[in-house]
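Q: Could you take me through this structure in plain terms?
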Amino acid sequence: EISPLANENSLLSAGILTASSVFAIAAGGSRWGLGIYGLLLGPLLALLEYPRAFKVERRWQSRLYPLFRWPLIGKLYTRCVLHLVVALPCLFCLPLTAPSLSLLISACLYLAATLRGEKFCLPESDAMNRAYLPAGGRGMSLPTQPPPMPQSQTELANSGGFSNY
(Lines give C-alpha, C1' and ligand atoms only; values in the text may rest on other atoms or scores of the structure.)
Protein backbone atom coordinates (compact mmCIF):
# COMPACT_ATOMS: atom_id res chain seq x y z
CA GLU A 1 0.00 0.00 0.00
CA ILE A 2 1.10 3.51 -0.70
CA SER A 3 -1.31 5.60 1.38
CA PRO A 4 0.18 4.70 4.82
CA LEU A 5 3.62 5.62 3.48
CA ALA A 6 2.26 8.95 2.22
CA ASN A 7 0.57 9.51 5.59
CA GLU A 8 3.79 8.98 7.53
CA ASN A 9 5.78 11.12 5.09
CA SER A 10 3.34 14.00 5.25
CA LEU A 11 3.12 13.86 9.05
CA LEU A 12 6.90 14.12 9.26
CA SER A 13 6.93 16.86 6.61
CA ALA A 14 4.38 18.89 8.55
CA GLY A 15 6.64 18.86 11.61
CA ILE A 16 9.67 19.86 9.58
CA LEU A 17 7.62 22.59 7.86
CA THR A 18 6.66 24.04 11.23
CA ALA A 19 10.26 24.06 12.48
CA SER A 20 11.59 25.51 9.22
CA SER A 21 8.90 28.19 9.30
CA VAL A 22 10.14 29.39 12.66
CA PHE A 23 13.62 29.62 11.19
CA ALA A 24 12.32 31.48 8.11
CA ILE A 25 10.55 34.05 10.30
CA ALA A 26 13.59 34.50 12.53
CA ALA A 27 15.93 34.88 9.55
CA GLY A 28 13.80 37.67 8.13
CA GLY A 29 14.33 38.45 4.49
CA SER A 30 11.90 39.46 1.83
CA ARG A 31 9.74 36.30 2.06
CA TRP A 32 9.20 36.03 5.81
CA GLY A 33 5.44 36.03 5.16
CA LEU A 34 5.77 32.53 3.71
CA GLY A 35 7.26 31.53 7.06
CA ILE A 36 4.03 32.63 8.74
CA TYR A 37 2.08 30.71 6.07
CA GLY A 38 4.07 27.55 6.85
CA LEU A 39 3.81 28.12 10.60
CA LEU A 40 0.02 28.27 10.38
CA LEU A 41 -0.49 25.38 7.96
CA GLY A 42 2.19 22.99 9.33
CA PRO A 43 0.38 22.14 12.59
CA LEU A 44 -2.98 22.10 10.81
CA LEU A 45 -1.64 19.61 8.28
CA ALA A 46 -0.19 17.49 11.10
CA LEU A 47 -3.59 17.40 12.83
CA LEU A 48 -5.31 16.39 9.61
CA GLU A 49 -2.75 13.65 8.94
CA TYR A 50 -2.75 12.24 12.46
CA PRO A 51 -5.33 9.44 12.01
CA ARG A 52 -3.52 6.61 10.28
CA ALA A 53 -5.11 4.90 7.31
CA PHE A 54 -5.56 1.17 7.51
CA LYS A 55 -6.54 -1.37 4.93
CA VAL A 56 -10.01 -2.74 4.54
CA GLU A 57 -8.67 -6.06 5.88
CA ARG A 58 -7.48 -4.05 8.90
CA ARG A 59 -3.80 -4.77 8.65
CA TRP A 60 -3.01 -1.20 9.74
CA GLN A 61 -4.31 0.08 13.04
CA SER A 62 -5.17 3.69 13.72
CA ARG A 63 -3.32 5.90 16.16
CA LEU A 64 -4.86 6.50 19.55
CA TYR A 65 -7.13 9.49 19.99
CA PRO A 66 -7.52 10.79 16.43
CA LEU A 67 -8.42 14.46 16.61
CA PHE A 68 -10.16 15.04 13.27
CA ARG A 69 -12.41 12.60 11.46
CA TRP A 70 -13.55 14.65 8.50
CA PRO A 71 -15.07 12.70 5.61
CA LEU A 72 -13.83 15.22 3.01
CA ILE A 73 -10.22 14.71 4.06
CA GLY A 74 -10.75 10.94 3.82
CA LYS A 75 -10.51 11.04 0.02
CA LEU A 76 -6.93 10.51 -1.11
CA TYR A 77 -7.34 12.84 -4.08
CA THR A 78 -8.39 15.65 -1.73
CA ARG A 79 -5.30 15.02 0.37
CA CYS A 80 -3.16 15.21 -2.77
CA VAL A 81 -4.62 18.62 -3.69
CA LEU A 82 -4.25 19.85 -0.09
CA HIS A 83 -0.55 18.93 -0.07
CA LEU A 84 -0.02 20.70 -3.39
CA VAL A 85 -1.73 23.85 -2.08
CA VAL A 86 0.47 23.86 1.02
CA ALA A 87 3.73 22.95 -0.73
CA LEU A 88 3.79 25.11 -3.87
CA PRO A 89 3.97 28.57 -2.20
CA CYS A 90 6.64 27.32 0.22
CA LEU A 91 8.97 26.49 -2.67
CA PHE A 92 9.69 30.21 -3.07
CA CYS A 93 11.30 30.55 0.39
CA LEU A 94 14.73 28.97 0.80
CA PRO A 95 14.34 27.64 4.39
CA LEU A 96 11.02 26.01 3.41
CA THR A 97 12.31 24.27 0.27
CA ALA A 98 13.13 20.90 1.85
CA PRO A 99 9.80 20.42 3.68
CA SER A 100 7.85 21.59 0.63
CA LEU A 101 9.67 19.07 -1.58
CA SER A 102 8.78 16.39 0.94
CA LEU A 103 5.15 17.53 0.84
CA LEU A 104 5.25 17.31 -2.97
CA ILE A 105 6.49 13.73 -2.64
CA SER A 106 3.56 13.04 -0.30
CA ALA A 107 1.18 14.55 -2.84
CA CYS A 108 2.61 12.31 -5.56
CA LEU A 109 2.26 9.28 -3.27
CA TYR A 110 -1.37 10.16 -2.55
CA LEU A 111 -1.99 10.57 -6.28
CA ALA A 112 -0.41 7.17 -6.95
CA ALA A 113 -2.56 5.62 -4.21
CA THR A 114 -5.64 7.21 -5.75
CA LEU A 115 -4.77 5.84 -9.19
CA ARG A 116 -4.23 2.36 -7.72
CA GLY A 117 -7.70 2.49 -6.18
CA GLU A 118 -6.72 2.50 -2.52
CA LYS A 119 -9.28 3.69 0.02
CA PHE A 120 -8.73 5.69 3.19
CA CYS A 121 -10.79 4.16 6.00
CA LEU A 122 -11.47 6.38 8.97
CA PRO A 123 -11.44 4.46 12.25
CA GLU A 124 -14.99 4.34 13.61
CA SER A 125 -14.18 3.63 17.23
CA ASP A 126 -11.45 2.38 19.52
CA ALA A 127 -13.56 -0.70 20.29
CA MET A 128 -13.17 -1.80 16.68
CA ASN A 129 -9.39 -1.56 17.01
CA ARG A 130 -9.38 -3.52 20.26
CA ALA A 131 -11.51 -6.24 18.73
CA TYR A 132 -8.96 -6.79 15.96
CA LEU A 133 -7.04 -10.02 16.29
CA PRO A 134 -3.89 -10.73 14.28
CA ALA A 135 -4.25 -13.24 11.46
CA GLY A 136 -3.84 -16.76 12.82
CA GLY A 137 -3.24 -15.52 16.37
CA ARG A 138 -5.16 -15.36 19.60
CA GLY A 139 -5.93 -12.30 21.62
CA MET A 140 -4.42 -12.00 25.08
CA SER A 141 -6.75 -12.88 27.93
CA LEU A 142 -6.87 -10.97 31.19
CA PRO A 143 -4.98 -12.48 34.14
CA THR A 144 -7.10 -14.46 36.61
CA GLN A 145 -4.86 -13.90 39.66
CA PRO A 146 -3.43 -10.61 40.95
CA PRO A 147 0.35 -10.14 40.86
CA PRO A 148 2.29 -11.10 44.01
CA MET A 149 2.55 -8.28 46.53
CA PRO A 150 5.89 -7.42 48.16
CA GLN A 151 6.23 -8.23 51.82
CA SER A 152 6.09 -5.38 54.28
CA GLN A 153 9.14 -4.49 56.37
CA THR A 154 7.61 -5.91 59.58
CA GLU A 155 6.88 -9.26 57.94
CA LEU A 156 10.46 -9.38 56.67
CA ALA A 157 11.85 -8.61 60.14
CA ASN A 158 9.60 -11.19 61.84
CA SER A 159 10.42 -13.92 59.35
CA GLY A 160 14.15 -13.33 59.67
CA GLY A 161 14.44 -12.24 56.07
CA PHE A 162 17.29 -10.09 54.87
CA SER A 163 16.59 -6.36 54.74
CA ASN A 164 18.82 -3.48 53.65
CA TYR A 165 17.18 -1.09 56.12
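A: The answers below go from the overall fold to single residues.

Q: Before that, what kind of model is it, and how are residues numbered?
A: It is a predicted model, in which local features need pLDDT of at least 70 and side-chain atom pairs count only at pLDDT 80 or more, while totals for chains, interfaces and linings use all residues. Residues are numbered from 1 along each chain as its sequence is written, and side-chain values use heavy atoms, with hydrogens and water left out.

Q: How many helices and strands does the protein chain have?
A: The protein chain has 6 helices and 0 strands. Helices are DSSP runs of H or I with at least four residues, strands are runs of E with at least two, and both are numbered from the N terminus.

Q: What share of the residues is buried?
A: Of the 165 residues in the protein chain, 33% count as buried. Buried means under 20% relative accessible area, exposed means over 50%, and partly exposed lies in between, with a 1.4 Å probe and protein chains only.

Q: Let us look at H2. What is its reach from first C-alpha to last?
A: Helix H2 has 18 residues and reaches 26 Å, close to the 26 Å expected at 1.5 Å a residue. The expected span is 1.5 Å times one less than the number of residues.

Q: Which residues of H2 are buried, and what do they pack against?
A: The buried residues of H2 include Leu-34, Gly-38, Leu-45 and Glu-49. The buried residues of H2 pack against H1, H3 and H4, where contact means heavy atoms within 4.5 Å.

Q: And what about H4?
A: Helix H4 has 20 residues and reaches 29 Å, close to the expected 28 Å. Among its buried residues are Pro-99, Ser-100, Leu-103, Leu-104 and Tyr-110. Their cover includes H1, H2 and H3. Just after H4, Gly-117 takes a positive phi of about 90°.

Q: Which residues form the largest nonpolar core?
A: The largest nonpolar core has 12 residues, including Ala-14, Leu-34, Leu-45, Ala-87, Cys-90 and Leu-103. Helices H1, H2, H3 and H4 each supply at least two residues of this core. A nonpolar core is a set of buried Ala, Val, Leu, Ile, Met, Phe, Trp, Tyr and Cys residues joined through side-chain atoms within 4.5 Å.

Q: What does Ala-87 touch?
A: Leaving aside neighbours within four places in sequence, Ala-87 is in contact with Ser-100, Leu-103 and Leu-104. There is also a second, separate core of 8 residues, which includes Ala-6, Leu-76, Cys-80 and Tyr-110.

Q: Changing topic, how many disulfides are there?
A: The whole structure has 0 disulfides, a disulfide being a pair of cysteine sulfur atoms within 2.5 Å.

Q: Are Cys-90 and Cys-108 buried or exposed?
A: Cys-90 is buried, because its relative accessible area is 0%. Cys-108 counts as exposed, because its relative accessibility is 52%.

Q: Where does Lys-75 lie?
A: Lys-75 lies in the loop between helix H2 and helix H3. Lys-75 counts as exposed, because its relative accessibility is 53%. The C-alpha atoms of Lys-75 and Lys-119 are separated by 7.5 Å, although these residues are 44 apart along the chain.
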